[in-house]
Each structure stands twice: as C-alpha cells, then as structure tokens.
Amino acid sequence: MNRAVADAMSKSGLTADSLAAQIGVDPKTAAKWANPGRIPQTRHRSKVAEVLGRDEGDLWPDLFKRREPAWFRPWTDIEREATGLRWYESAVLPGLLQTEAYARAVLSSGLWADDDLEAHVETRLRRQAAVFDRPRPPLSVFVIDEAALRRGRPDIMADQLDHLIVLAERPAVMIHVLPLTAGLHPGQAGPFVIASTPDGGDVGYLDDQAAGRLSNDVAPLWAVWDSVRSLALPRDLTIDLMRARAWMT
C-alpha cells in the first residue's frame, strides 16, 4: 500500500468515492492510487495533492527520481544544457513534442513494464519542461517524416496535432514536415539528434531497438540533416499541413 496516500486520505476523512468525486474520476481509479506504483495522471496529480493537503513529492517520492534507463541519462544531461537541437524522426513524433496521451500510447506499445509506464511518461514530460520552459530555451529544429503524422489513433492525434501547431508557432521552435512526395531519402536510415553544447561543440544521439548511443562524430549526421532539411516543407506550409491533418482526424 502507498501508506502516504492512504494516511492522507484517512486524515482528510476521504474515501475513494469522495476523493473521486472531487477529482472527477471513477472511484475505482481513486482507490488504485493507494496501491504501490499507482500514480495519478499528470492532469489529476496536482489536484489530488491539493485535496489531500500534501506535496506531490511526499505522496509519490519515486516520481521525482530519475527513471530513465542508465544508458539514456548522459543524453538527457546534454539535452538539458543544449543551446541548440536538430532532431529528425521518421516513424513517431519526437519525444520533446509529444502530448501526455501520445507519449503513453507510444511507450505502452514498446517494452516498458506496466508498473513503470506512468513514471516513464512523467519523465518524458519533465524532459520537455527542462528544454522548453527555460528562461532562454534552445533553438530547436525538428524535421518529421509525414508518415509520423499519419500514425496513431484519431482521438489521440487530434490533440497531438493541435499541440504541434502551438509549439510550431513558438519563436525558438521550428517544425518542418518531410512530405511523402519527397520519395526515398538518406533519413530513412534512422532517427537522430544533433545537440549544440554550451562550449560550442556538437554531440549526436542515435536510437535503435536496444538502446541509444552518443556520438562525437557528427559530420555524417550533419550531411544527412542538410539533406532532410532541404527536402522538408517550410515552416508556414508545415503548419498548414498539420492544420489540414488535424481537421481530418
């Protein structure tokens, strides 16, 4: 049992039914929050903590531990400090651009254990905040294959596309769609990211089925980047395309 949640409910005189009524969820969902490893979704968690009169960190201390795999942590450290990001994705949308529902759908389709899923979703959302909510966010340029915009449940993709449009209009975020009409191109070899670091260097990140890896040999990545970026739509046409796709979902 999550004794912190159970104790807070008891001291507040709340049952699963009464807590559920205040949060706006099913009582069975609220009852699960007193079980170990069961964490409310992001949109509910702050409200639950407020109703129970506790800090989120007191109720779910594991939530604020680093939950990403050990091999991924060096990259998140670089990402957090980067002065610029160049990101190409072919099959799914970049992690930094994902909504909570889309991230959950992507992660649940992979190899993550059910008990860890919410923690991994939370980690992904915290990565987004660490990059985009800085006082001076890095210039972040994304090239996304159009196929990624067409993959996903319509109800999830509708909100996801709206989210992309909002992000694409930020001054420090540039999103470009590589249209299907571009045909075969070098980016089909796989996704990658190039991070510009505060010391003026560049570090690459490449992902595969087993793990990701860092690379200091970024010249080949820059060559592919120049190719996919040249084939991608301009910013305004990309936003028009995403609006059209959102209207169709």
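**Notebook: sheet and aromatic pairs**

I looked up the sheet first: six strands make an open sheet in the order 3-2-1-4-5-6, with mixed pairing. Two strands pair if DSSP finds at least two bridges between them. Strand 3 (173-178) and strand 6 (212-215) are the edge strands, each pairing on one side only. On average, neighbouring strands of this sheet are turned by 15° against each other, direction ignored.

I note the basis here: this is a predicted model, where local features need pLDDT of at least 70, side-chain atom pairs count only at pLDDT 80 or more, and totals for chains, interfaces and linings use all residues. Residues are numbered from 1 along each chain as its sequence is written, and side-chain values use heavy atoms, with hydrogens and water left out.

I then took strand 1 and strand 4 (residues 192-196), which pair in the antiparallel sense over five bridges. Leu85 has Ala195 in strand 4 as its bridge partner.

I checked what lies across the sheet. Helix 11 (residues 219-231) lies across strand 1, strand 2, strand 3, strand 4 and strand 5, and runs at about 105° to strand 4. Axes are lines fitted to C-alpha atoms, for helices over the stretch in contact (heavy atoms within 4.5 Å), and angles run from 0 to 180 degrees between N-to-C directions. The protein chain has 12 helices and six strands; these are DSSP runs numbered from the N terminus, helices being H or I of at least four residues and strands E of at least two.

Next, the aromatic rings. Rings of Phe, Tyr and Trp (its six-membered ring) pair if their centres lie within 6.5 Å; planes under 30 degrees apart count as stacked, over 60 as edge-to-face and the rest as tilted. By this rule I have four aromatic pairs. Phe72 and Tyr205 are edge-to-face, because their ring centres are 5.7 Å apart and their planes stand at 65°. This pair links distant parts of the chain, 133 residues apart: Phe72 is in the loop between helix 5 (56-59) and helix 6 (73-81), Tyr205 in strand 5 (residues 202-207). Phe72 and Tyr205 are both buried, meaning under 20% relative accessible area, with exposed over 50% and partly exposed in between (1.4 Å probe, protein chains only).

Trp87 and Phe142 form a tilted pair, 5.9 Å centre to centre with 35° between the planes. Trp87 is in strand 1 (residues 84-89) and Phe142 in strand 2 (residues 139-145), 55 residues apart. I find Trp87 buried at a relative accessible area of 6%, and Phe142 buried at 0%.
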